[in-house]
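Please read the following report alongside the sequence and the coordinates.

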Amino acid sequence: MTIQEAIDFVLLVIVLIIGIVCYPKLTKAFRVLTFTIPVTLLFDSISKLSVRLYKTNALVLHLECLALYILYAMAYYHLFRRKRIKKFIFTSTIAIVVFAVINAIFIQPLNKIFPSYLYIVTNTLLIIFSVLLFRQMLLYPTSISITSQGIFWFNTSILFFSTTMFLNLALTNYWAEHKYWDNMIYDFWYASYYILNILTGVALICNRKETGRK
Amino acid sequence: MQSDGISIHADNIGTIVIITGLLLGFLVCSVVYFVVLYRNKQLKNKRDQEELEANFRQELLKTQLEVQEQTLNYISSEIHDNITQVLSFVKLTLGNIASGVEDEKRSKVIETRELVAQTITDLRDLSKSLSFEHISSQGLIRTIEKEVERVNKSGLINISLEQDGSSYPLGEQRELVLFRIFQESLNNTLKHAAARRLKIMLMYHADVFVLMLDDDGSGFSADGLENKAGSGLRNIENRAALIGGTATIDSSPGKGCSVKVVLDPLKQQLY
């Protein structure tokens with residue numbers, strides 16, 4: 001286990017503990033968000049095992065990307081007020097499941113190729129949800145300070161992570177294209193994950209405080 | 001940099017780092033911009049809410065005053081049309097009785113008749129001071145003068161009334177509210193101040209109207225001023241605000257109390 005992996009693991013465990021402690025007082029959306037942590041931990045562990053045994057983790061990444069997208073989409077579903085957006089999230093989730101199956105069978109085979117198309121599509125949708133949620137927040141501001149709102153930190157984490165995901169994929173492809181590899185890309189990937197996990201933890205704590213206030 | 005015989009120029013890496021930096025910078029700026037926008041929106045919402053609450057309070061006060069005026073008008077007409085009529089009948093009857101009884105008892109009947117006559121006069125005055133129609137037809141100064149006469153006659157306190165500048169109409173509703181403020185202050189002085197003297201001042205200036213009541217009573221402390229809930233003092237302030245004026249209440253123990261209502265006559269704020 002590398003230092004980056006160890007830090008990532010420790011962060012995930014800390015956020016998982018926060019999630020478990022806060023869970024009874026969390027709102028629906030944040031309860032769903034809590035589930036993303038054990039799911040990530042589980043898939044990360046299987047992924048490492050898979051690399052060791054089969055020299056590839058493509059299958060795990062296909063499943064992880066789909067599972068996390070469904071969970072994030074569910075969290076957004078509970079956060080939006082407008083029925084049209086909720087309907088859009090629901091429809092897009094079904095469409096993503098269908099696309100993931102087609103992609104895994106015909107385009108980027110399940111056990112061989114990294115599911116970059118699935119990552120691009122799901123992250124594009126998450127960025128759209130994030131921007132729409134920011135818009136909703138501006139339309140219906142509450143009296144609570146923005147930095148004390150779980151919804152703000154969650155949305156920021158998704159916007160940040162999904163945007164940097166494009167950059168990560170582009171850099172990885174660029175390096176692969178030029179048959180060059182540098183550990184810098186690993187650091188960048190892990191930095192994105194660290195920020196995502198830290199912001200998720202902050203979001204859970206803030207949401208617990210918000211519901212405690214009500 | 002070299003990898004498997006294909007080189008990546010340092011320039012390219014630099015470009016990637018710059019693009020990455022720009023993207024992250026843009027992200028951070030976007031979030032900061034959002035936070036600023038959100039805070040502005042929160043402030044605007046807070047202002048709107050405060051305005052709504054102020055309007056609501058104004059409406060509530062307006063309704064309270066309307067209900068109060070209706071009640072006072074009802075009481076006024078009841079006193080005028082019913083009680084004073086009955087008392088007039090009693091007075092007439094006593095007059096008839098007086099002529100038919102012996103001298104010893106007649107003086108007592110006449111004395112009682114005079115008392116009834118005095119009660120009728122007092123009740124008529126009271127009825128007039130309660131009636132909105134009467135106040136609006138007489139005007140503020142005349143109504144205050146009548147009230148001053150009525151209270152002075154009772155001998156409870158010595159009230160002096162002064163006017164500065166030539167009077168101008170302030171509008172029916174504003175004059176009614178000013179008269180109610182005057183009544184409230186007068187009532188407070190009579191009930192709580194143990195004052196011997198009350199000075200009333202009406203200042204009719206071109207740009208400002210001032211109603212001032214100054215007594216030499218026992219006064220009260222700053223705590224009494226702050227803890228106005230449930231007392232007539234808060235009523236005075238609220239009523240003044242309702243017609244676009246400001247009421248200042250100044251008092252300290254042993255130094256009497258002064259109530260000052262300042263109003264812009266040009267600002268036609270009706271409730």
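The report begins with confidence and then turns to each chain.

The model is predicted, and in chain A the pLDDT averages 90, with 97% of the residues scoring at least 70. Within chain A, the mean is lowest in helix H6 (residues 150–177), at 87, and highest in helix H3 (residues 58–79), at 95.

In chain B, 5 strands form an open sheet in the order S3-S4-S5-S7-S6, with mixed pairing. Its edges are strand S3 (158–164) and strand S6 (246–251) of chain B, each of which pairs on one side only, and neighbouring strands are turned by 10 degrees against each other on average, direction ignored. S3(B) pairs with strand S4 (residues 197–204) of chain B in the parallel sense over 7 bridges, and Asp164(B) stands opposite Met203(B) in S4(B).

| Helix | Strands | Angle |
|---|---|---|
| H4 (residues 140–154) of chain B | touches S3 and S4 of chain B | about 160 degrees with S3(B) |
| H7 (residues 232–242) of chain B | lies across S6 and S7 (257–263) of chain B | about 155 degrees to S6(B) |

For helix H5 (residues 172–193) of chain B, 22 residues at 1.5 Å a residue should span 32 Å, and the end C-alpha atoms, 30 Å apart, agree with this. H5(B) is followed by Ala194(B), whose phi is positive, near 55 degrees.

In chain A, Pro38(A) has its place in helix H2 (residues 28–54). Because 13 other C-beta atoms lie within 10 Å, Pro38(A) is partly exposed.

Definitions and conventions
Residues are numbered from 1 along each chain as its sequence is written. Chains are lettered from A and ligands numbered from 1 in the order in which they are written. This is a predicted model: local features need pLDDT of at least 70, side-chain atom pairs count only at pLDDT 80 or more; totals for chains, interfaces and linings use all residues. pLDDT is the predictor's confidence in each residue, from 0 to 100. Helices (H or I, at least four residues) and strands (E, at least two) are DSSP runs, numbered from the N terminus. The expected span of a helix is 1.5 Å times one less than its number of residues. A residue is buried if 20 or more other C-beta atoms lie within 10 Å of its own, exposed if 12 or fewer, and partly exposed in between; C-beta atoms are placed from the backbone. Two strands pair if DSSP finds at least two bridges between them. Axes are lines fitted to C-alpha atoms, for helices over the stretch in contact, and angles run from 0 to 180 degrees between N-to-C directions. Two residues are in contact if their C-beta atoms, placed from the backbone, lie within 7 Å.
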